[in-house]
Amino acid sequence: MQKKGFIFDLDGVIVNTAIYHYLAWKKIADQLEIPFSEIKNEQLKGVSRTDSLKKILSWKNLTVTKEIFNHLLEKKNNDYLHYISKMTENDILPNVVNTLKWLKNNNQQIALGSASKNAKIIIEKIQLTHFFETIIDGNSVTKTKPNPEVFLNAAKYLKLPPEKCIVFEDSVAGIQAANSGGMISIGIGDKKTLSDAHYNFKDFTEIKNEFLLKLINN
Ligand code: BG6
Ligand code: MG
C-alpha cells in the first residue's frame, strides 16, 4: 500500500471549537458595535487571531491604537481559553478517532495543520497527541491560511510531495491553502460554502474506509 500524508485541521474538523472562536469574537464585535453573524464568521475560519481582528475592524472601517488592538486580542484569547478549559476527549467529533485509528493501522502518515496557537493545548486535552507525527500550528508559520505554508511544512516534515498529501478542512481559507499547495482538499461541513474542495462531506461519519482506501491508491 502507498504511503500518503493525511493532514488534519483542528478547529471545526477534529473538535467543534469553531463555535468558541465565534462566541469569543462575537463579544468583541458587540463591544465595538460591529455587526457580526455566523455567516460573516465563515470569513474568519482558518484565519489567524491577528488577521481575524483586522478583518472585524475593517467591516466598520475602524482603526484602533496598537495598545487597544493587543488588548482586544488578549481579551478574545482569554475568553476562548475559558470556553475550552473544560474540554475532554468527549468533545472529539464523531468518527474522527475511528478515522485516525484506521489510517494508523494502515501505515499512513498523519499530521496536524492548524492556524491556532492553542492547537497543542487542545490536542493534549482531548488526548490525541500520539496520532500525529508532527503538529504544525500558528506558532510555527509566518504566513497563515489561505497561504499554503502550514500544510507545506507538514508535507516537508512527513517527507512527502504535496500531491501525496490530503487535507481535511472546514474553512474556505484552508481549502484554498490546500489547493494552492497542490494537495487534495476535503471539505468538512457545508458543501456550498466549501465548493472549492475536491471532495465534500458533512462530517467524518460520512467518510467510509473505502473512500480512504481510494485516496491512498489513487
Ligand atoms: C483557526 C480558527 O483554526 O485558528 C480561527 O479556525 C482562529 O478561527 C485561528 O482565529 C487562530 O486561533 P488562535 O487559537 O491562535 O486564536
Ligand atoms: Mg478549522
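Which elements do the buried residues of H7 pack against? They pack against S1, S2, strand S3 (134–136), S4 and H8. The model described here is predicted.

## Domains

The protein chain is divided into domain 1 (5–16 + 89–217) and domain 2 (18–84). Taken over C-alpha atoms, the centres of domain 1 and domain 2 are separated by 24 Å. The contact uses 15 residues from domain 1 and 15 residues from domain 2.

## Nonpolar cores

The largest nonpolar core has 36 residues, and Phe8, Ile14, Phe132 and Phe168 touch the most other members. At least two residues of this core come from each of strand S1 (5–8), H4, helix H5 (96–105), strand S2 (109–113), helix H6 (119–125), S4, S5 and helix H9 (209–217). This core lies between domain 1 (5–16 + 89–217) and domain 2 (18–84), because both give residues to it.

Leaving out residues up to four places away in sequence, Ile14 touches Phe8, Asp9, Asp91, Ile92, Leu93, Val96, Leu112, Ile123, Ile126, Leu128 and Phe132.

The buried residues of H7 are Glu149, Val150, Phe151, Ala154, Ala155 and Leu158. Just after H7 comes Lys159, with a positive phi of about 60°.

In helix H8 (residues 172–180), the buried residues are Ala173, Gly174, Ile175, Ala177 and Ala178. Their cover includes helix H7 (149–158), strand S4 (165–169) and strand S5 (184–188). H8 is followed by Gly182, where phi is positive, near 85°.

## The largest pocket

The largest pocket holds about 460 Å³ of space. Its lining is made up of 28 residues, and those nearest the centre of the pocket are His21, Val47, Ser48, Arg49 and Ala115. Helix H1 (18–31), helix H3 (49–58) and helix H4 (66–84) are the elements that give two or more residues to this lining.

Sorted by class, the lining of the largest pocket has seven nonpolar, 14 polar and seven charged residues. Domain 1 (5–16 + 89–217) and domain 2 (18–84) each contribute at least three residues to the lining of the largest pocket.

## The second largest pocket

About 280 Å³ of space lies in the second largest pocket. It is lined by 15 residues, of which Asn16, Ala18, Glu42, Lys45 and Asp170 are the closest to its centre. The elements that give two or more residues to the lining of this pocket are H1 and helix H2 (38–41). H1 gives the most, with three residues.

The classes in the lining of the second largest pocket come to five nonpolar, five polar and five charged residues. Here too, at least three lining residues are drawn from each of domain 1 (5–16 + 89–217) and domain 2 (18–84).

Methods. Residues are numbered from 1 along each chain as its sequence is written. Chains are lettered from A and ligands numbered from 1 in the order in which they are written. This is a predicted model: local features need pLDDT of at least 70, side-chain atom pairs count only at pLDDT 80 or more; totals for chains, interfaces and linings use all residues. Side-chain values use heavy atoms; hydrogens and water are left out. Buried means under 20% relative accessible area, exposed over 50%, partly exposed in between (1.4 Å probe, protein chains only). Helices (H or I, at least four residues) and strands (E, at least two) are DSSP runs, numbered from the N terminus. Contact means heavy atoms within 4.5 Å. On a 1 Å grid over the protein atoms alone, a cavity is a set of points where a 1.4 Å probe fits but cannot get out, and a pocket is an open set with protein on both sides within 12 Å along at least five of seven lines; lining residues have an atom within 4 Å of a point. Grid points are joined across faces, edges and corners, and a volume is the space filled by probe spheres set on the points. Ala, Val, Leu, Ile, Met, Phe, Trp, Tyr, Cys and Pro count as nonpolar, Asp, Glu, Lys and Arg as charged, and the others, Gly among them, as polar. Domain bounds come from an automatic or database domain assignment. A nonpolar core is a set of buried Ala, Val, Leu, Ile, Met, Phe, Trp, Tyr and Cys residues joined through side-chain atoms within 4.5 Å.
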